[in-house]
Amino acid sequence: MSVAIVTGAGGLVGAEAAAYFAGAGHHVVGIDNDMRREFFGEDATTRPSVERLRRALGNLYEHHDIDIRDEAGIGKIFERYSDEISLVIHTAAQPSHDWAARAPIVDFTVNANGTLVVVDQGYTGADPALDAADHGIRLEVVKLNEAKRGFVLLPRR
Ligand SMILES: NC(=O)c1ccc[n+]([C@@H]2O[C@H](COP(=O)([O-])OP(=O)(O)OC[C@H]3O[C@@H](n4cnc5c(N)ncnc54)[C@H](O)[C@@H]3O)[C@@H](O)[C@H]2O)c1
């Protein structure tokens, strides 16, 4: 089974990505805790969007109502699918500059810390470097001691 993990799956970009990759034959694991409702009010809830995905994609879609800052919860999903994960699309975010100015700490923890939690799950071995080499790019994988499995890819020409 090929698994696509989509964070922010109930949002504008995430819902399109989930539908696209399910259509391409992946089992889509969506992560979204409806924080959009907390940011922008009841009308902005992502519940209808997640319901649409469930109805349209059936068994190809699985939803997890987890906060991307929840390292243990996110870690369990990545451990469960492990080598079956083909791709990760990370779109869970607080997307408004104006809102960020009102609550910068919440904005930072979601957009920066949450991204770090997701990235720290994702080392995929040598494949990205081999793919990049086909296009004349040398990818250097940098792993920090304090990271669990995370990495930074430095492209070099
Ligand atoms: N929509 C665009 O045209 C556009 C353009 C350029 C960049 N972007 C960027 O793409 C990203 C996604 O944008 P979007 O328009 O899809 O936003 P969106 O608000 O529609 O979707 C984000 C989703 O993330 C979820 N989410 C927020 N915090 C979460 C958390 N802590 N845990 C789990 N889920 C959480 C929300 O509930 C929401 O469903 C943002 O970083 C945005 O800045 C969007």
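## Close-up views of a predicted model

**View 1. Asp 34 sits in a loop.** Asp 34 lies in the loop between S2 and H2. Helices (H or I, at least four residues) and strands (E, at least two) are DSSP runs, numbered from the N terminus. The model is predicted, so local features need pLDDT of at least 70 and side-chain atom pairs count only at pLDDT 80 or more, while totals for chains, interfaces and linings use all residues. Residue numbers start from 1 along each chain, as its sequence is written. Asp 34 is not a glycine, yet its phi is positive, at about 60°. Most residues other than glycine have a negative phi. Asp 34 counts as partly exposed because it has 16 C-beta neighbours inside 10 Å. A residue is buried if 20 or more other C-beta atoms lie within 10 Å of its own, exposed if 12 or fewer, and partly exposed in between, with C-beta atoms placed from the backbone.

**View 2. Ser 82 has a positive phi in another loop.** The loop between H4 and S4 holds Ser 82. Its phi is near 40°, a positive value in a residue other than glycine. Is Ser 82 buried or exposed? Ser 82 is exposed, because 8 other C-beta atoms lie within 10 Å.

View 3. The protein chain has seven helices and six strands. Along the sequence they follow the pattern β-α-β-α-α-β-α-β-α-α-α-β-β. Of the 157 residues in the protein chain, 27% are buried. Take the contacts between residues at least 6 apart in sequence: 62% of them join residues at least 24 apart. Two residues are in contact if their C-beta atoms, placed from the backbone, lie within 7 Å.

**View 4. Four strands form an open sheet.** The strand order is S3-S2-S1-S4, with parallel pairing. Strand S3 (61–64) and strand S4 (85–90) are the edge strands, and each pairs on one side only. From one strand to the next, the twist averages 20°. Axes are lines fitted to C-alpha atoms, for helices over the stretch in contact, and angles run from 0 to 180 degrees between N-to-C directions. Two strands pair if DSSP finds at least two bridges between them. Strands of a sheet pair through backbone hydrogen bonds.

**View 5. Strand S2 is enclosed.** Five of the five residues of S2 are buried, so the strand is largely enclosed by the rest of the structure. His 27, Val 29 and Ile 31 point one way from S2. Val 28 and Gly 30 point the other way. S2 (residues 27–31) pairs with S3 in the parallel sense, over four bridges. There, Val 28 has Tyr 61 of S3 as its bridge partner. S1 and S2 also run parallel, joined by five bridges.

View 6. Ala 4 belongs to strand S1. Which residue of S2 is the bridge partner of Ala 4? The partner is Val 28. Ala 4 counts as buried because it has 24 C-beta neighbours inside 10 Å. Leaving out residues up to four places away in sequence, Ala 4 touches Phe 21, His 26, Val 28, Ser 86, Leu 87 and Ile 89. The C-alpha atoms of Ala 4 and Val 88 are 5.8 Å apart, although 84 residues separate them along the chain.

View 7. Helix H4 (residues 71–81) lies across S1, S2, S3 and S4. It runs at about 170° to S2. Helix H6 (104–119) gives two or more residues to the shell around the ligand. Its 16 residues should span 22 Å at 1.5 Å a residue, and its end C-alpha atoms are 21 Å apart, which agrees. The expected span is 1.5 Å times one less than the number of residues. Val 110, Gly 114, Val 117 and Val 118 of H6 are buried. The buried residues of H6 pack against S1, H4 and S4.

**View 8. A shell of residues surrounds the ligand.** How many residues surround the ligand? The shell has 23, and the closest are Gly 8, Gly 11, Val 13, Arg 36 and Ala 93. H1 gives the most to the shell, with three residues. The shell divides into nine nonpolar, nine polar and five charged residues. Ala, Val, Leu, Ile, Met, Phe, Trp, Tyr, Cys and Pro count as nonpolar, Asp, Glu, Lys and Arg as charged, and the others, Gly among them, as polar.

Notes. Near = placed C-beta within 6 Å.
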